[in-house]
Amino acid sequence: MHNNNAVSSHLSKVPAITLGFWIIKIAATTLGETGGDAVTMSMNLGYMTGTLIFAVIFLAAAVIQIRHQTYNKWVYWFTVVATTTVGTTLADFADRSLGIGYLGGTLLLSSLLILSLLVWRMVCGSIAVSSVNNSRTEIFYWVTIMFSQTLGTALGDWTADTEGFGYDGGILLFVGALAVIALLYWFTKISRTILFWSAFILTRPLGAVVGDFLDKPLSEGGMELSRYSASLALGAFIIACLFVIPQRAAVKEASV
């Protein structure tokens with residue numbers, strides 16, 4: 001029993017960062033876009049109602065995740081998907097219903113995200129995911145993820161629509177940015193924590209643009225797939241990945 005507790009104390013409650021993690025993360029962010037749009041647009045429930053529905057789901061998932069003593073892949077990834085769906089509807093509500101626009105939403109959420117990371121670093125001494133093994137750090141972790149997922153929707157829409165990159169151009173832009181981060185990881189000594197959060201944030205606008213590419217009309221540069229079928233396919237893909245791709249908890253390290 002003592003040995004088990006000792007091992008558990010050195011494990012994070014979030015997964016180790018592997019290639020499989022990024023594959024599932026991108027699929028989850030894309031599902032957030034198609035799933036959020038399915039509820040707010042295809043079901044005609046509107047952005048406010050959709051946000052309230054997904055906010056309740058996210059809060060329930062986060063409570064279950066935080067109450068778990070160890071990493072559980074099913075609970076963790078369900079909570080991630082919950083953040084992407086509520087992030088999608090919340091960003092759309094702010095950008096369109098409140099009228100602050102994609103640029104306004106991007107600037108506001110960027111500020112909130114940076115503030116969240118700074119406060120987390122000051123209070124806990126580290127923003128490394130390997131340090132997430134108690135309730136306090138995990139609350140900061142999920143609040144930061146919530147801001148990053150919401151920012152990603154606004155940033156993806158701003159890039160594809162306002163800036164005129166289109167869906168294919170937006171996909172190339174964010175894939176290129178992630179490739180640069182990968183090169184920095186392999187060939188430089190830049191903080192791995194900084195590179196992780198940079199990549200984590202950029203996968204969300206990539207997912208937003210890919211999701212819009214899948215379900216937007218052909219006349220707008222999309223593939224005009226059903227939001228329901230796209231969401232189901234992405235959900236099935238994530239579940240398959242969780243069965244096939246090995247999952248393990250990150251190992252707790254020194255503060256970064």
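Q: In which helix is T203 found?
A: The model is a predicted one. T203 falls within residues 192–215, and that run is helix α8.

Q: Is T203 buried or exposed?
A: The cut-off for buried is under 20% relative accessible area. T203 has 2%, so T203 is buried.

Q: With which side chain does the side chain of T203 make a polar contact?
A: Leaving aside neighbours within four places in sequence, T203 is in contact with W22, K25, I26, T29 and L178. At 2.6 Å, the polar contact joins the side chain of T203 to the side chain of K25.

Q: How far apart are the end C-alpha atoms of helix α4, and what span should its 25 residues have?
A: Helix α4 covers residues 73–97, and at 1.5 Å a residue it should span 36 Å. The value from the model agrees with this, because the end C-alpha atoms are 35 Å apart.

Q: How many of the 25 residues of α4 are buried?
A: Buried means under 20% relative accessible area. By that cut-off α4 is mostly covered, and the count of buried residues is 19.

Q: Which residue has a side-chain oxygen that reaches the backbone nitrogen of W74?
A: The pair lies at the start of α4, with the oxygen within 3.0 Å of the nitrogen of W74. The oxygen belongs to N72.

Q: Is L45 buried, partly exposed or exposed?
A: L45 lies in the loop between α2 (19–42) and α3 (46–67). On the surface, L45 belongs to a nonpolar patch with M43, I53, I57, F78 and Y228. Its relative accessible area is 37%, between the 20% and 50% cut-offs, so L45 is partly exposed.

Technical notes. Residues numbered from 1 in each chain as written. Predicted model: local features only at pLDDT ≥ 70, side-chain atom pairs only at ≥ 80, totals over all residues. Heavy atoms only, no water. Helix = DSSP H or I, 4+ residues; strand = E, 2+ residues; numbered from the N terminus. Buried < 20%, exposed > 50% of the residue type's maximum accessible area, 1.4 Å probe, protein only. Polar contact = N/O pair within 3.5 Å; in protein donor to acceptor, adjacent residues only side chain to side chain. Contact = heavy atoms within 4.5 Å. Expected span 1.5 Å × (residues − 1). Patch = residues over 30% accessible without salt bridge, like charges linked within 9 Å, V, L, I, M, F, W, Y side chains within 5 Å. Areas by Shrake-Rupley, 256 points an atom, 1.4 Å probe, with all protein chains shown as cover. Salt bridge = Lys/Arg side-chain N within 4 Å of Asp/Glu carboxyl O.
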